[in-house]
Amino acid sequence: MLKWLSRTVTHDNPAQLEQAFRWLYSFVRPQKKSILGLLLLSMCASLLVLLQPWLTKMLIDDGLLAKDYSALVTIAIGMIFVGIFSTALSGVNRYLHTGLSGRILFALRNDLYQHLQGLSPLFYGRQRIGDLISRLDGDVAQIQRFAVDSLFSAVSSILGLVGAAVMMLLLSWKLSLLVLIMIPLEVLWLRWMRQKVEVQTRRLRERSADISSFLVETLPAMKFIQSVGQEPRERKRLEGLNQEYLGDLLKLQVTEFFTQAIPNTLTSMTRASAFLIGGYWVIEGQWQLGSLIAFSTYLGMAVGPVNSLLGLYVAVQRMSVSLGRVNELRLHQPDVSASASLQADLPAGFGELRISGLDFAYPGRQEKVFDQAELYIPGGSKVALSGTSGVGKSTLVDLIHRHFEPAGGEILLDGQPVNSIAPALLRTQVAVVSQDIVLFRASLKENIRYAAPSASDDEVEQAARAAQLNGLIEHLPQGLDSELGERGQQLSGGQRQRIAIARAILQKPRLLILDEATAAVDEQTEAEVIAAVDHLFSQQTRILISHRASTLLGVDQHYQVEGGKLKPVAVSELTVE
């Protein structure tokens with residue numbers, strides 16, 4: 001089936017598409033028991049649907065036209081019971097189907113999100129967040145609808161088509177030939193329309209991603225937009241994006257209309273022909289009225305599944321657009337290994353850091369950021385790291401944190417190569433406090449506890465006090481339980497830095513890196529923050545990265561990043577960059 005699907009859709013790389021289908025159905029297979037149960041319920045529901053027209057035929061021919069009142073009552077009661085049972089079965093089926101759809105949808109989304117968690121900062125620097133959200137939300141939902149809804153729709157349509165065809169043959173094999181004329185014409189039409197649907201669907205998905213990206217970009221920056229008086233400009237941009245989306249949506253609607261209009265017209269012509277021929281037979285006494293009505297009903301029931309199955313052909317094209325967009329994300333591989341064979345524990349240490357022969361260049365760039373760089377920091381030291389903007393200071397932090405793998409050389413933490421340590425373990429031992437502090441829409445307590453979820457309330461409170469958050473806690477209406485709001489924008493720079501330090505205290509790292517952590521605060525607040533760090537992390541290694549000379553005072557060592565090297569500098573020569 002997977003090979004048939006990969007051949008059915010239009011794609012530049014069929015092998016990649018088949019692989020994507022395998023990924024999709026790896027989430028469907030674990031639900032096979034639930035799927036089998038729902039298929040059995042669907043079969044029962046289809047049989048009940050097929051029974052209704054036959055009961056109508058019996059009601060007319062054996063009850064009304066035969067003037068048999070007792071038969072009329074019996075058949076009517078039977079129709080009532082069939083209707084009640086069919087309604088109850090439909091409710092159970094819908095409930096179970098919703099649960100199955102939800103489980104598969106969330107499994108798909110969780111797997112893709114987990115994959116994205118392993119990708120490097122370089123990947124996110126090149127992607128539009130709105131586009132990622134569109135793929136995680138809209139495209140994954142489209143894939144799930146095909147994987148589950150289309151499966152049951154196809155099975156139900158096949159059962160309905162076979163059942164209706166059998167009933168029509170029992171009633172009149174001659175009139176049944178009308179369906180055989182109609183189906184080839186519909187198939188030819190839909191094959192011609194499929195590429196138009198696929199192209200326009202992909203374009204509409206991209207327009208939706210453009211709007212999502214615009215909102216993600218501008219809403220957090222609304223204060224800045226207001227401050228420079230550019231609200232009309234952004235409204236005009238949004239209006240332009242909306243018009244582009246609407247234009248492509250209308251084009252897709254027109255295409256889908258004609259895709260379905262021709263089959264529907266053929267269906268109407270077929271039913272009209274059946275009534276003309278069958279009606280003539282009834283007038284001539286060659287057929288019964290109930291049989292004509294039942295045949296017409298079964299014809300409608302046969303046409304519906306035929307259209308659904310042919311519509312499934314178009315649905316495959318639309319779904320392949322979403323699957324292709326999601327697969328584009330899955331083809332991005334993590335830059336670092338998270339193999340289960342990596343070390344899951346580390347011996348005790350105070351953050352000794354040794355770098356030897358370090359080589360690194362960003363993918364796609366020839367210029368090296370580091371070229372045979374060397375560095376040694378004893379455990380428990382306080383070290384300054386300086387250099388001009390863009391020279392590689394933050395890149396060094398990313399390499400220590402294993403967001404990237406060096407092309408050559410070695411980085412050792414307390415004697416252990418960092419590429420032999422599981423990334424999750426390494427990052428608990430190396431805490432980074434940067435200028436951009438990430439805060440979530442949660443309580444102050446939960447924000448502090450984010451890096452150490454198992455910390456108790458008492459431990460959180462002690463960390464907050466140690467980080468000198470007393471004033472903030474007393475100022476907030478509910479103390480540590482107060483909500484900080486979106487990204488904690490109402491907090492000052494110093495308060496945000498102290499929250500980050502409280503996180504690091506709970507994390508209990510052996511190496512603490514302050515990467516321009518105090519750039520947004522005044523010198524007095526900076527001095528308080530650095531003093532708190534020195535007091536709380538006196539036994540751990542501290543690396544201070546800054547352009548301010550005041551930040552780097554009182555260090556044991558000073559290194560300058562320059563020309564791909566880590567050059568030792570006398571502490572007395574410390575100057576502002």
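Is Asp248 buried or exposed at 7% relative accessibility? Asp248 counts as buried because its relative accessibility is 7%, where buried means under 20% relative accessible area, exposed over 50% and partly exposed in between (1.4 Å probe, protein chains only). The views below come from a predicted model, in which local features need pLDDT of at least 70 and side-chain atom pairs count only at pLDDT 80 or more, whereas totals for chains, interfaces and linings use all residues. Residues are numbered from 1 along each chain as its sequence is written, and side-chain values use heavy atoms, with hydrogens and water left out.

**View 1. A salt bridge joins the side chains of Asp248 and Arg207.** The N to O distance in this pair is 3.0 Å, a salt bridge being a side-chain nitrogen of Lys or Arg within 4 Å of a carboxyl oxygen of Asp or Glu. The pair links distant parts of the chain, with Asp248 in helix α9 (residues 231-283) and Arg207 in helix α7 (residues 173-218), 41 residues apart; helices (H or I, at least four residues) and strands (E, at least two) are DSSP runs, numbered from the N terminus. Arg207, with a relative accessible area of 23%, is partly exposed. A search of the whole structure finds 24 salt bridges.

**View 2. Glu234 and Arg237 form a salt bridge through their side chains.** The N to O distance is 2.9 Å, and the two residues are separated by about one helical turn because they are three residues apart in helix α9. Glu234 counts as buried at 14% relative accessibility, while Arg237 is partly exposed with a relative accessible area of 37%.

**View 3. Arg510 and Asp414 meet in a salt bridge between two loops.** The side chains come to 2.8 Å, N to O, and the pair links distant parts of the chain, 96 residues apart: Arg510 is in the loop between α16 (493-507) and β7 (511-515), and Asp414 is in the loop between β4 (408-413) and β5 (416-417). Both partners are buried, Arg510 with a relative accessible area of 7% and Asp414 with one of 16%. Elsewhere, salt bridges that share partners join Arg128, Asp131, Arg135, Asp139, Arg207, Asp210, Glu244, Asp248, Arg325 and Glu328 into one network.

**View 4. A nonpolar patch on the surface is formed by Leu64, Leu65, Leu289 and Ile293.** Together these residues have about 340 Å² of accessible area, as given by the Shrake-Rupley method with a 1.4 Å probe, where for residues only the protein chains shown count as cover. Patches are made of residues with over 30% relative accessible area and no salt bridge, like charges being joined within 9 Å and nonpolar side chains (Val, Leu, Ile, Met, Phe, Trp, Tyr) within 5 Å. Leu65 is placed in the loop between α3 (32-64) and α4 (69-117) and counts as exposed at 52% relative accessibility.

**View 5. Ser291 is a residue of helix α10 (residues 289-330).** Ser291 counts as buried, at 5% relative accessibility. Leaving aside neighbours within four places in sequence, Ser291 is in contact (heavy atoms within 4.5 Å) with Lys57, Asp61 and Leu171.

**View 6. The second largest pocket has a volume of about 370 Å³.** Of the 17 residues that line this pocket, Ser42, Ala45, Ser46, Asn93 and Ser156 are the closest to its centre. Helices α3, α4, α6 (129-171) and α10 each supply at least two residues of the lining. On a 1 Å grid over the protein atoms alone, a pocket is an open set of points where a 1.4 Å probe fits, with protein on both sides within 12 Å along at least five of seven lines, and lining residues have an atom within 4 Å of a point. Grid points are joined across faces, edges and corners, and a volume is the space filled by probe spheres set on the points.

**View 7. Helix α11 (residues 393-400) is largely enclosed by the rest of the structure, because six of its eight residues are buried.** The buried residues of α11 are Lys393, Thr395, Leu396, Val397, Leu399 and Ile400. Arg402, which follows α11, has a positive phi, near 65°.

View 8. Gln372 is placed in strand β2 (residues 370-377) and counts as partly exposed at 43% relative accessibility. Lys508 lies in the loop between α16 and β7 and is exposed, with a relative accessible area of 60%.
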